[in-house]
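Please look through the model shown here before reading on.

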Amino acid sequence: MKASPLQIDETGCLDGVRFIPSLNCDERPAGCAIDLLVIHNISLPPEEFGGDGVIELFTNRLDPEAHPYYQTLRDLKVSTHFLIRRDGELIQFVPCEKRAWHAGVSSWQGRARCNDFSIGIELEGSDATPFTVSQYEALVALTLALQKAYPITGIAGHSDISPGRKTDPGPCFDWERYRAALIAAGC
């Protein structure tokens with residue numbers, strides 16, 4: 001039996017997934033259409049998966065003394081709309097109707113400030129580690145739900161909107177596999 005499709009409610013929250021609110025968000029500019037998905041990767045500590053470091057970062061609870069790398073993140077205020085864990089679990093931090101702080105200095109097709117018009121999706125991973133089958137399945141299902149709810153016309157990696165500054169989702173992200181799955185789903 002096929003799982004029912006994911007649904008985005010009127011507030012921009014994904015029905016049936018864990019919601020952990022992040023304060024690192026604000027209102028989008030009035031009249032700004034949400035038309036871009038930005039795919040990222042993240043792991044905290046770097047190259048380590050399964051812990052709570054990413055959740056703690058997005059909720060301003062990351063202890064800078066817990067790991068030497070965390071010193072570089074002291075006082076950083078960032079968020080994303082969604083995180084996809086290695087096992088495919090989806091976690092939402094910011095409603096889609098709000099602006100998450102995931103892209104930083106960025107530009108897409110001549111438009112600056114990508115946070116204004118994008119939805120950020122973080123994959124638990126790194127530039128050096130292939131992503132899991134469960135992550136691709138969750139990403140495709142999430143993409144389909146977002147395309148149904150919003151006028152998404154572009155999908156980009158963080159490296160595409162911040163070239164030279166960012167490398168994610170990295171060389172291990174299989175764009176062909178992702179796009180083929182979207183086409184097979186009818187997108």
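A charge sits over a ring if NZ of Lys or CZ of Arg is within 6 Å of the ring centre and within 35 degrees of the ring normal. The charged end of Arg-86 is placed in this way over the ring of Phe-49, 4.5 Å from its centre. Arg-111 lies over the face of Phe-117, at 3.7 Å from the ring centre.

This is a predicted model, in which local features need pLDDT of at least 70 and side-chain atom pairs count only at pLDDT 80 or more, while totals for chains, interfaces and linings use all residues. Residues are numbered from 1 along each chain as its sequence is written, and side-chain values use heavy atoms, with hydrogens and water left out.

Rings can also lie next to one another. A pair of aromatic rings is described by the distance of the centres and the angle of the planes. Rings of Phe, Tyr and Trp (its six-membered ring) pair if their centres lie within 6.5 Å; planes under 30 degrees apart count as stacked, over 60 as edge-to-face and the rest as tilted. By this rule there are six aromatic pairs. One of them joins Phe-173 and Trp-175, edge-to-face, at 4.7 Å centre to centre with 80° between the planes. Phe-173 and Tyr-178 have ring centres 5.8 Å apart and planes at 65°, so this pair is edge-to-face. Phe-131, Tyr-136, Phe-173, Trp-175 and Tyr-178 form one aromatic cluster.

Are Phe-173 and Tyr-178 buried or exposed? Buried means under 20% relative accessible area, exposed over 50%, partly exposed in between (1.4 Å probe, protein chains only). Both Phe-173 and Tyr-178 are buried. Phe-173 has 4% relative accessibility and therefore counts as buried.

Next come the strands. Strands (E, at least two residues) and helices (H or I, at least four) are DSSP runs, numbered from the N terminus. In strand 9 (residues 118–124), seven of the seven residues are buried. Two strands pair if DSSP finds at least two bridges between them. Strand 3 (residues 36–42) runs parallel to strand 9, joined by seven bridges, and Ile-42 has Glu-124 as its bridge partner in strand 9. Strand 4 (residues 82–84) also pairs with strand 9 in the parallel sense, over three bridges. The bridge partner of Phe-82 in strand 9 is Ile-121.
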